[in-house]
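I opened the notebook to record what I looked up in this structure. The entries follow the order in which I checked things.

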Amino acid sequence: MAIVLKLDENFTDASLPTLEGLAGWGASDGDSMEDAYGVMLYRLATPTLFNGYKLLDTHVKLYDDKDKSWTVVCAYSGELSSTQGYPYNVICCMYDAGKGLTARRGAEGEAMTVLAGTGGVRVDLAGCTENMDGANVLIVVKSGDNYSIYMNGDIAYGAPLGYGMEEADTHDATLIAGARLSSTGVPEYYTAFKLDELRIYDGALDADAVAELTSQLLGV
């Protein structure tokens, strides 16, 4: 099994889980992995603590083909924080100043931004219930050029995006957790929180599957 965790050179906290404990399963490991909802390109092996000095790289490219359909399921908990200040980053699959999937908070009390980029692209989760210091389930479904974005079961967006986002500036960034990528691909703004689950499905899940997964991951 491939080790998918990358550590910042300043990471020294031996109290956190080991590399092996944080490894996830990815399509690059060989055999496909499937559950009741479909084929997974990646799944986190165990809940993971981020202390603000490390990131997790799934090695899955979401925007190497603009017509690709996928579903990202991300369950996280705890109050976000970073010694580098805002933005706080849960997941990211874009380069700064590019376009793509992100889940970040840009300022205190601000709603989570889920899609962002140049040209005025920005989708915030205003109106959705996010637990600022509790458990959350974010699910983003891309079907062709249509995005559906859910936070804790509430749908925040469900339509094609304008500003060229449907083409998403095809790029080779991989989905990471715990930081974002600069315009040159350097990790930055490492963020502390707990990642409870991360899955990437090959294809777009329907609303019923999203509701079931949300309920399971929130334990309701």
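**Entry 1: the cavity.** I began with the lining of the largest cavity, to which β8 (88–93), β9 (99–105) and β16 (180–181) each supply at least two residues. This is a predicted model, and I kept that in mind for every entry. I then listed the lining residues: Asn-89, Cys-92, Met-94, Tyr-95, Asp-96, Thr-102, Arg-104, Arg-180 and Leu-181. Sorted by class, they come to four nonpolar, two polar and three charged. The space inside this cavity is about 40 Å³. How many cavities of 30 Å³ or more does the structure hold? I found one.

**Entry 2: the pocket.** Next I looked up the largest pocket, which holds about 150 Å³ of space. Its lining is made of Glu-79, Leu-80, Tyr-86, Tyr-88, Arg-105, Glu-108, Gly-109, Met-132 and Asp-133. I noted four nonpolar, one polar and four charged residues in that lining.

**Entry 3: a cis bond.** Tyr-86, one of the residues lining the pocket, is joined to Pro-87 by a cis peptide bond. I wrote down an omega of about 5 degrees for this bond. Pro-87 sits in the loop between β7 and β8. I marked the bond because most peptide bonds are trans.

**Entry 4: positive phi.** His-59 is not a glycine, yet its phi is positive, at about 65 degrees. This residue belongs to strand β6. Its relative accessibility is 39%, so His-59 counts as partly exposed. Tyr-189 also has a positive phi, near 50 degrees. I located Tyr-189 in the loop between β17 (187–188) and β18 (192–202). With a relative accessible area of 23%, Tyr-189 is partly exposed.

**Entry 5: a lysine.** Is Lys-54 buried or exposed? Lys-54 is buried, because its relative accessible area is 0% and buried means under 20%. It lies in strand β6 (residues 54–61). I checked what its side chain meets: a polar atom there lies 2.8 Å from the backbone oxygen of Leu-49.

**Entry 6: a glycine.** Gly-98 is in the loop between β8 and β9. I noted a relative accessibility of 14%, so Gly-98 counts as buried. Gly-98 and Ala-116 are 18 residues apart in sequence, and their C-alpha atoms are 8.0 Å apart in space.

**Entry 7: the cores.** The largest nonpolar core has 36 residues, and within it Leu-62, Ile-91 and Leu-101 touch the most other members. Strand β7 (residues 70–81) gives the most to this core, with five residues.

**Entry 8: the whole chain.** Last, I recorded the totals. The chain has two helices and 18 strands. Of its 220 residues, 48% are buried. Among contacts with a separation of 6 or more, 63% are between residues 24 or more positions apart.

Technical notes. Residues numbered from 1 in each chain as written. Predicted model: local features only at pLDDT ≥ 70, side-chain atom pairs only at ≥ 80, totals over all residues. Heavy atoms only, no water. Core = buried A, V, L, I, M, F, W, Y, C linked by side-chain atoms within 4.5 Å. Buried < 20%, exposed > 50% of the residue type's maximum accessible area, 1.4 Å probe, protein only. Helix = DSSP H or I, 4+ residues; strand = E, 2+ residues; numbered from the N terminus. 1 Å grid on protein atoms, 1.4 Å probe; cavity = no way out; pocket = protein on both sides within 12 Å on 5 of 7 lines; lining within 4 Å. Points joined across faces, edges and corners; volume = space filled by probe spheres on them. Nonpolar A, V, L, I, M, F, W, Y, C, P; charged D, E, K, R; others polar. Polar contact = N/O pair within 3.5 Å; in protein donor to acceptor, adjacent residues only side chain to side chain. Contact = heavy atoms within 4.5 Å.
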